[in-house]
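Colleague: Could you pick one part of this model and walk me through it slowly? I'd like to know what surrounds it and how it is held to the rest.

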Amino acid sequence: SIPSHLVTVEALDLYLSKLAPDGLLAMNISNRYLNLEPLLSGLAQEKGMFARIRRDQQFDAATAKFASSWVVMARKEAALGSILADSRWRTLNGHVVWTDDFSNILDLMK
């Protein structure tokens, strides 16, 4: 289970209050049972942010590197820099929004 209070509109407001104007917010959304992409997509849309996702499915036992999924968000598209031209990063899909008053984990089940 994920700590739902960390992925709400109110939590994002707090993160943005600490983020520099051209700063990046990076979130690891790796999860075996939940697809968190629609949630992060919805949060970015609610705040007018630009976001990209990268799903790295490669496992490397020699370096103990596991598969992971990352979302990067920015207030300005230009702040995403080279991520915009990197084909491994794509635009997020979906629109689920959680608040401190409402969250529905069933919306994110794989």
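Modeller: Let's start with a word we'll need: a residue is buried when its relative accessible area is under 20%, exposed when it is over 50%, and partly exposed in between, using a 1.4 Å probe and protein chains only. Helices (H or I, at least four residues) and strands (E, at least two) are DSSP runs, numbered from the N terminus. This is a predicted model, where local features need pLDDT of at least 70 and side-chain atom pairs count only at pLDDT 80 or more, while totals for chains, interfaces and linings use all residues. Residues are numbered from 1 along each chain as its sequence is written, and side-chain values use heavy atoms, leaving out hydrogens and water.

The buried ones are Glu37, Pro38, Leu39, Leu40, Ser41, Gly42, Leu43 and Ala44. What covers them? They pack against α1, β1, β2, β3 and β4, where contact means heavy atoms within 4.5 Å. After α2 comes Gly48, with a positive phi near 65°.

A helix has 3.6 residues a turn, so residues three or four places apart point the same way.

With Asp100, the Thr8 side chain makes a side-chain polar contact at 3.2 Å. A polar contact is a pair of N or O atoms within 3.5 Å; within protein, one must be able to donate a hydrogen and the other to accept it, and residues adjacent in sequence count only if both atoms are side-chain atoms.

Which residue does Glu37 pair with? Its side chain meets that of Arg90 in a salt bridge (2.8 Å, N to O); that term means a side-chain nitrogen of Lys or Arg within 4 Å of a carboxyl oxygen of Asp or Glu. Arg90 lies in strand β4 and Glu37 in helix α2, so the pair ties together parts that are 53 residues apart in sequence. Glu37 is buried, at 5% relative accessible area, whereas Arg90 is partly exposed at 34%. Arg55 joins in too: Glu37, Arg55 and Arg90 are linked in a network of salt bridges.

By that rule the model has seven salt bridges. Another one joins Asp56 and Lys65, with the closest N and O atoms 2.9 Å apart. There, Asp56 is buried at 16% and Lys65 is partly exposed at 31%.
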